[in-house]
Amino acid sequence: MNATVAMILALAVGTYAFRLVGPALHGRGELPERIQELLSAGAVVLLAALLATGALTESGGFAGWARPAGVLVGGVLAWRRAPFAVVVLAAAGTTAVLRAAGVG
């Protein structure tokens with residue numbers, strides 16, 4: 001067995017173990033309210049960072065203005081609770097129109 005196969009198996013076992021731990025430990029302990037608030041805030045910060053890097057960068061550089069504009073349109077529509085298909089189509093359409101207009 002080479003190192004690559006061993007690493008893939010180790011990651012598979014680790015992933016499966018994480019999936020089992022949640023249901024196995026559910027209800028066995030209680031986190032303090034402050035820790036729960038911090039975990040919730042941390043999840044929001046991580047999602048915002050992922051959104052920013054996905055919207056603003058491409059191949060290690062700035063992605064141009066069309067993509068952030070499309071993400072902004074999609075974000076506003078999602079915040080206004082528009083249907084998912086409308087959000088995706090509006091975001092993609094905004095990006096496509098701006099790129100076709102040469103905004104990049």
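Good morning. I shall begin with Leu39, a residue of helix 2, which covers residues 33-56. Please bear in mind throughout that the model is predicted.

Leu39 has a relative accessibility of 52%, and it counts as exposed because the cut-off for that class is over 50%. Together with Leu31, Ile35 and Leu38, Leu39 makes a nonpolar surface patch of about 350 Å².

Side chains of opposite charge can pair when their charged atoms come close. How many salt bridges does the count come to? The count comes to two.

One of them joins the side chains of Arg34 and Glu37, with an N to O distance of 3.8 Å. These residues are three apart in helix 2, so about one helical turn separates Arg34 from Glu37.

I now come to the aromatic residues. The structure holds one aromatic pair. It is formed by Phe62 and Trp65, whose ring centres are 5.1 Å apart. Is this pair stacked, tilted or edge-to-face? The ring planes of Phe62 and Trp65 stand at 70°, and planes over 60 degrees apart count as edge-to-face, so the pair belongs to that class. Trp65 itself is exposed, with a relative accessible area of 59%.

Finally, I would draw attention to the backbone. Most residues other than glycine have a negative phi. Which value does phi take at Ser59? Phi of Ser59 is near 55°, which is positive although the residue is not glycine. Ser59 sits in the loop that runs between strand 1 (57-58) and strand 2 (61-62), and Ser59 is exposed, with a relative accessible area of 80%.

Arg81 also has a positive phi, near 65°, and is again a residue other than glycine. Its place is the loop between helix 3 (66-79) and helix 4 (84-100). Arg81 counts as exposed, at 77% relative accessibility.

Thank you for your attention.

Conventions. Residues are numbered from 1 along each chain as its sequence is written. Side-chain values use heavy atoms; hydrogens and water are left out. Patches are made of residues with over 30% relative accessible area and no salt bridge: like charges are joined within 9 Å, nonpolar side chains (Val, Leu, Ile, Met, Phe, Trp, Tyr) within 5 Å. Accessible areas come from the Shrake-Rupley method with a 1.4 Å probe; for residues, only the protein chains shown count as cover. A salt bridge is a side-chain nitrogen of Lys or Arg within 4 Å of a carboxyl oxygen of Asp or Glu. Helices (H or I, at least four residues) and strands (E, at least two) are DSSP runs, numbered from the N terminus. Buried means under 20% relative accessible area, exposed over 50%, partly exposed in between (1.4 Å probe, protein chains only). Rings of Phe, Tyr and Trp (its six-membered ring) pair if their centres lie within 6.5 Å; planes under 30 degrees apart count as stacked, over 60 as edge-to-face and the rest as tilted.
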